[in-house]
Amino acid sequence: KITGIAAYLFRGKCFITIDTDDGVTGLGECSPMHSETIGRFAVDVLGPKIMGEDPLQVDVLWHRMMLESYKLGPQGIVPEAVAGIDIALWDILGKVCGQPLWRLLGGKHRDEIPMYSSIGGGATMTPAEMAGRHFASFLSPQLAESRSRQIGQVLATGKPLQFEDER
């Protein structure tokens with residue numbers, strides 16, 4: 001059952017966490033526009049609609065959140081907040097089932113996808129360079145360079161990356 005929902009603001013973005021009575025936590029990201037309002041809406045308005053419910057009923061909960069707030073409009077903070085919660089619920093489902101989301105969502109349609117670079121002028125940079133630029137905005141130069149190399153390794157090998165250090 002869903003036991004908690006929280007919103008966190010980080011670098012202008014809103015992240016949603018959903019906790020369950022089984023100790024599983026799901027993480028979702030909302031639109032970066034109007035982050036504080038989206039976070040409050042997710043926790044204060046949508047949270048009570050799903051509290052105590054089965055988090056594995058992703059589609060049922062999505063419809064409840066959307067239908068019970070449809071008079072507020074189909075655009076803006078409603079779908080953005082629902083999206084963050086929806087992503088967190090899918091995260092929980094994937095963790096509980098021990099399966100990647102691509103499998104739960106119907107299968108892998110391709111082995112590779114093209115990279116879209118939207119990090120503000122990043123079109124001429126490699127993904128590793130873009131990651132390094134991002135990390136340089138809040139990490140020491142040495143750690144930013146290390147992270148950039150790690151991202152390059154992930155892209156070359158396809159193996160997941162885990163960071164042990166925070167700063």
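# A guided reading of the predicted model

The charged end of Lys108 sits over the ring of Trp102, 5.4 Å from its centre; a charge sits over a ring if NZ of Lys or CZ of Arg is within 6 Å of the ring centre and within 35 degrees of the ring normal. This is a predicted model, in which local features need pLDDT of at least 70 and side-chain atom pairs count only at pLDDT 80 or more, while totals for chains, interfaces and linings use all residues. Residues are numbered from 1 along each chain as its sequence is written, and side-chain values use heavy atoms, with hydrogens and water left out.

The protein contains six helices and three strands. Helices (H or I, at least four residues) and strands (E, at least two) are DSSP runs, numbered from the N terminus. Along the sequence they follow the pattern β-β-β-α-α-α-α-α-α. Of the 167 residues, 31% are buried, where buried means under 20% relative accessible area, exposed over 50%, and partly exposed in between (1.4 Å probe, protein chains only). A contact requires heavy atoms within 4.5 Å. Among contacts between residues at least 6 apart in sequence, 47% join residues at least 24 apart.

Helix α3 deserves attention next. This helix covers residues 77–97, 21 residues in total, and reaches 30 Å from its first C-alpha to its last, close to the 30 Å expected at 1.5 Å a residue; the expected span is 1.5 Å times one less than the number of residues. Its buried residues include Val82, Gly84, Ile85, Ala88 and Leu89. Among the elements that cover the buried residues of α3 are β1 (2–10), β2 (13–20) and α1 (35–50). Ile77 also belongs to α3, but Ile77 is partly exposed, with a relative accessible area of 26%. Leaving aside residues up to four places away in sequence, Ile77 touches Thr37, Ile38 and Phe41. The C-alpha atoms of Ile77 and Phe41 are separated by 7.5 Å, although these residues are 36 apart along the chain. After α3 comes Gly98, with a positive phi near 65°.

What lies in the interior? A nonpolar core is a set of buried Ala, Val, Leu, Ile, Met, Phe, Trp, Tyr and Cys residues joined through side-chain atoms within 4.5 Å. The largest such core has 23 residues, of which Ile16, Ile18, Leu46, Ile50, Ile85 and Leu89 touch the most other members. At least two residues of this core come from each of β1, β2, α1, α2 and α3, and α3 gives the most, with eight residues. Apart from this core lies another, of six residues, among them Phe135, Leu143, Ala144 and Ile151. Ile16 touches residues including Ile5, Leu27, Cys30, Ile85 and Ala88, not counting residues up to four places away in sequence.

A disulfide is a covalent bond between the sulfur atoms of two cysteines; here the criterion is a pair of cysteine sulfur atoms within 2.5 Å. A search of the whole structure finds zero disulfides. Cys30 counts as buried, at 4% relative accessibility, whereas Cys97 is partly exposed, with a relative accessible area of 38%.

His34 lies in the loop between β3 and α1. His34 has a positive phi of about 60° although it is not a glycine, and His34 is exposed, with a relative accessible area of 57%.
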